[in-house]
Amino acid sequence: MSEARGLHQKAAGQTWYVRRLVPDDVRERIGRGVWNVSARTTDLRVARQERDRLWLRWDAEIADARSLGPGPVADLAAVLTAVDNWRRVRCAAAADFAAELAEERRAFALAEMRAHVAEIQRGPVTVTLVDASPKPRDPVDVDALAWARAYFASERGQGANRGVGMPYVTGLLLGRLQVATTGVEGWAKVQGFDAKFDEAVAAGGVSSSIPAKVRDKARQPFARAWLEVVQHEEAERRRAASILGTVAAANAAPASITVQAAPIFEARPGDVTVAEAIAEFKEARGRDGIEDIEKRYAHLFRAIGESVGEDRPIRSITDRDAAGVLDLLRQVPANASKLYPGKTLKAAIKLAAVEKQDNERLVAQGETPKRKVAPMTPNTVRSYVVNGSALWNFSVERGWVERNIFHPLIPSKRPSVKRRGFKDDELTAVFAHIAERRDSHPDYFWITAVLMYSGARMNEICQLLPGDVKDAD
């Protein structure tokens, strides 16, 4: 692009303007025939920079307009109306509980157990006999109970969490949607945002293509609508879970009652998932030039993913979760990826257990096992826990977690096997044997001699050339 192409001034020394004709085939889509925008400067160098920035943006608009193909396109008003239609329908559906059940049927409390009473009149005294094992009944209104069961059987509630506490995924989504309602780029952190946007607009009655400019302006209003829908639907899920939980609690046997700790995690803006933390950690290590990060951390990343889930907020991972990761690593067979390619760590553990049983059977029958299968060594497991500590230190530095939960779990390093040195009579016997072949097989003699005098590794010695040997002093 020439220095002044696309730039013009009304008079010398005045403000520069950036001008560009809109291609004929997209003028109707873009809604104008020409772009003419002030560069807000009289400096040609600065104006050129602003021109290049604007032309890149206009290139994207042209490409987007052409990608929409023939037919009508939706304007901003139509898209916002569709989003609002979708919001109202979804929120109303989630609030149907209030409409379906009368006010008096919405108060849920543990019901009293009915005692089966029989009165026996004995002269002037009335004796009341109480059944020692009264039969329980549903502690909530039958209509409410039927609604709760129908909810979890419905398309909306099928597979939903039946706990009263908010699921991690929902909490994370709410936190990110709150950020998306206040910042123009917040939507990018919400997984599947644009797909949900398209789904909502289509459900709201707009089937036309949506230009990128319209989409950009509608994302923030959609984030507010989606936030409201998630809040309503989570409230509906909790109501249904509370009803079923009340029934279960009332009918539970005393021995089955356990105390559960209150949830210690509440989603907040800025939370990241385990997968996102791992991705940033890998990127940072890559910038630092640390090699073989996949090889060094592969089992750790897989163990965390299989044990707690990659979509879970990293701040919700507890000490117990970390201990579960360590327990999983201790069971993983050595060389699991080579022995059981394409299998998860948990699947590899099960396959290794079956193979171990087969080997024991073969040994008992006096046969030789096909291959040796054993768990990773303690020091190998320790190296993965150390890597987990590095990941959590990284997360602490980023402000994603408050403390390193893996560091206290690092096992003590076990001493390596200590080998004794050869005794003099043993060395004499070895060299007496290979000296006989010094002329016919000089490698037998010299590799062994260099090995003894230098302590070098076998492969290093085998790579030596005669020219590498020098006299010193």
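Helix α14 buries V381, Y384, V385, N387, G388, S389, A390, L391, W392, F394 and S395; buried means under 20% relative accessible area, exposed over 50%, and partly exposed in between (1.4 Å probe, protein chains only). Helices (H or I, at least four residues) and strands (E, at least two) are DSSP runs, numbered from the N terminus. This is a predicted model, in which local features need pLDDT of at least 70 and side-chain atom pairs count only at pLDDT 80 or more, while totals for chains, interfaces and linings use all residues. Residues are numbered from 1 along each chain as its sequence is written, and side-chain values use heavy atoms, with hydrogens and water left out.

The 21 residues of α14 (residues 378-398) should span 30 Å at 1.5 Å a residue, and the end C-alpha atoms are 30 Å apart, which agrees. The expected span is 1.5 Å times one less than the number of residues. Just after α14, G399 has a positive phi of about 85°.

The structure holds 27 salt bridges, each a side-chain nitrogen of Lys or Arg within 4 Å of a carboxyl oxygen of Asp or Glu. Three of them are tabulated.

| Pair | N to O distance |
|---|---|
| R20 and D59 | 2.8 Å |
| E234 and R237 | 2.8 Å |
| E233 and R90 | 2.8 Å |

E233 lies in helix α8 (residues 212-251) and R90 in helix α3 (residues 76-94), so this pair ties together parts 143 residues apart in sequence. E233 is buried, at 17% relative accessible area, whereas R90 is partly exposed, at 24%. E234 and R237 both lie in α8, three residues apart, about one turn of the helix, and both are buried. A network of salt bridges links D194, D198, R215, D216 and R219.
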